[in-house]
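Please read the following account alongside the sequence and the coordinates.

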Amino acid sequence: MSLRSWIKGIGRVLNRCIPKREDQILFESNSDYCDNSRALYDYMQAAGYGEHYRFVWCVSDVRRPPAGLSGAELVSFRSRRGFLRYFLTMARSGHVVFSHYAPPFVNPKGQQVLNLWHGTPLKTLKGHVPPASLFSALLSPSDLFDPILAESFGAAPEQLVQCGYPRNDLLFHPKDSLARLGIDPAGWKKVLLWMPTFRRPADGSYQDGAATSTGLPLIETPALLEELNARLTELGLYLMIKLHPGQDLSGVKLVELSSIRMLTNRELDEAGVELYRLVGAADGLLTDYSSIYFDYLLLNHPMIFLIDDIDGYQEKRGFTVADPLSLMPGEKVRAAEELYQALGRLARGEDAWEGERARVNGLVNRFTDDQSARRTAERFFPEGRSGHFGQQEAETK
């Protein structure tokens, strides 16, 4: 056993010895205040759960709280000074909610630990996820993915709960996301979003695919990016490119062209735009093996899959299903010219994939409404809003 594992084990034992506040919930996400944890928290705060529960958020720096976060105590384990306070606060919390990495020293034997996770997995998760021993329950999107998630996390069937992902509620309420970024959709036939998954994480610990000078698959050089921009301009399409936050961007130059804009998490935060509201504002999605498209199916908008490196990706990372193409209901392109042709059909309003999208959506998303945060809150925190929970057992598993 490594020293780090030994320390974590001791921390979890100490956790069990500390009395719990059953009215305290600790939230964590990556980065700081986002994804399913944020969506659930925002709902619970707006719905009045704060009258019964005390909210705590773990952030990078308590002196610089994330924009938009209010109504919660802030703690951090990322500094030596704040670590003891974090540990005691976490250990006293009767409930812990996370969406990415399991909080250090958490112990589901003495706490309700809810793993919301951050997406339906098409790519293999084994070796990239916290073990089931570190959480009480794990959100699953559908019956199809129950056994996949159980195997990936080593979870028991009773740990899997279907409520829908809270962040998906935002897809149905894009609000003024485009306007906040200075994008006027009236000037374009369609506004599209490209969200590739990462091939190489920022820490360089492994590599699922080749790195490129643009940070993108298929459109791998600045010259190809310029060509894509010219084609988009001819078609009257505007493309937002949101690179994965985990992608190694060293050597990548973020650009803004006449019909293309690359966006970062920082830019979205500064504009006050939540990612899933922006996703909901897009008329179509370009992606590859990212879980984003399973969520985007809820909107029934066209999708284009860039899969030029699928064979190498299968060899290096692998997929959770035997035939990933059967779960990709959209045009699949392996070359730049195929992409341009697919964009042309999209610009003309041609859509041959609506039936396939409905089929796959029925397999991967049990719930297709904007009530996932409500279901999750009512399932795991039933004392927060008495009188509103009559249908929770019928609606969730």
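The paragraphs below describe the strand order, the helix packing and the surroundings of selected residues.

The model is predicted, so that local features require a pLDDT of at least 70 and side-chain atom pairs count only at pLDDT 80 or more, whereas totals for chains, interfaces and linings use all residues. Residues are numbered from 1 along each chain as its sequence is written, and side-chain values use heavy atoms, with hydrogens and water left out.

The description begins with the sheets. Helices (H or I, at least four residues) and strands (E, at least two) are DSSP runs, numbered from the N terminus. Two strands are taken to pair if DSSP finds at least two bridges between them. On this basis, seven strands form an open sheet with parallel pairing, in the order β3-β2-β1-β4-β5-β6-β7. Its edges are β3 (73–75) and β7 (160–161); each has a single partner strand, so one side of each is left without a neighbour in the sheet. Within this sheet, β5 (residues 112–115) and β6 (residues 137–139) are joined in the parallel sense by two bridges. There, L114 is found opposite A137 of β6.

A further open sheet contains six strands, again with parallel pairing, in the order β10-β9-β8-β11-β12-β13. Strands β10 (260–263) and β13 (331–333) are at its edges, and each pairs on one side only. From one strand to the next, the twist averages 20 degrees; here and below, axes are lines fitted to C-alpha atoms, for helices over the stretch in contact, and angles run from 0 to 180 degrees between N-to-C directions. The parallel strands β8 (residues 190–194) and β9 (residues 237–242) are connected by five bridges, and L193 is placed opposite M240 of β9. Helix α6 packs on this sheet, where it touches β8, β9 and β10, and its direction makes about 140 degrees with that of β9. Contact here means heavy atoms within 4.5 Å.

The next topic is the packing of helices on one another. Two packed helices are described by the angle between their axes and the distance between the axes. For α6 (residues 222–235) and α11 (residues 336–347), the axes come within 10 Å and cross at roughly 20 degrees. The two helices α6 and α11 are therefore roughly parallel to each other, given that angles under 35 degrees count as roughly parallel, over 145 as roughly antiparallel, 65 to 115 as roughly perpendicular and the rest as oblique. On the α6 side the contact involves L224, E227, L228, R231, L232 and L235, and on the α11 side E337, L339, Y340, L343, G344 and A347.

Helices α2 and α13 (residues 372–380) have axes that come within 9 Å and cross at roughly 75 degrees. This angle makes α2 roughly perpendicular to α13. Residues A39, L40, Y43 and M44 of α2 meet A373, R374, T376, A377 and E378 of α13.

Two residues deserve attention for their backbone geometry. Most residues other than glycine have a negative phi, and most peptide bonds are trans. D35, although not a glycine, has a positive phi of about 60 degrees. D35 belongs to helix α2 (residues 35–46) and counts as partly exposed, at 22% relative accessibility. Buried means under 20% relative accessible area, exposed over 50%, and partly exposed in between (1.4 Å probe, protein chains only). F105 likewise has a positive phi, near 70 degrees, and is a residue other than glycine. F105 is located in the loop between β4 (93–98) and β5, and is buried with a relative accessible area of 9%.

Not counting residues up to four places away in sequence, S76 touches C58, V59, S60, V62, G82, F83 and Y86.

L149 is part of helix α4 (residues 146–153) and, at 0% relative accessibility, counts as buried. Apart from neighbours within four places in sequence, L149 is in contact with P121, L125, L138, L139, S140, P141, G154 and L160. L149 and K126 are separated by 23 residues in sequence and by 9.6 Å in space, C-alpha to C-alpha.
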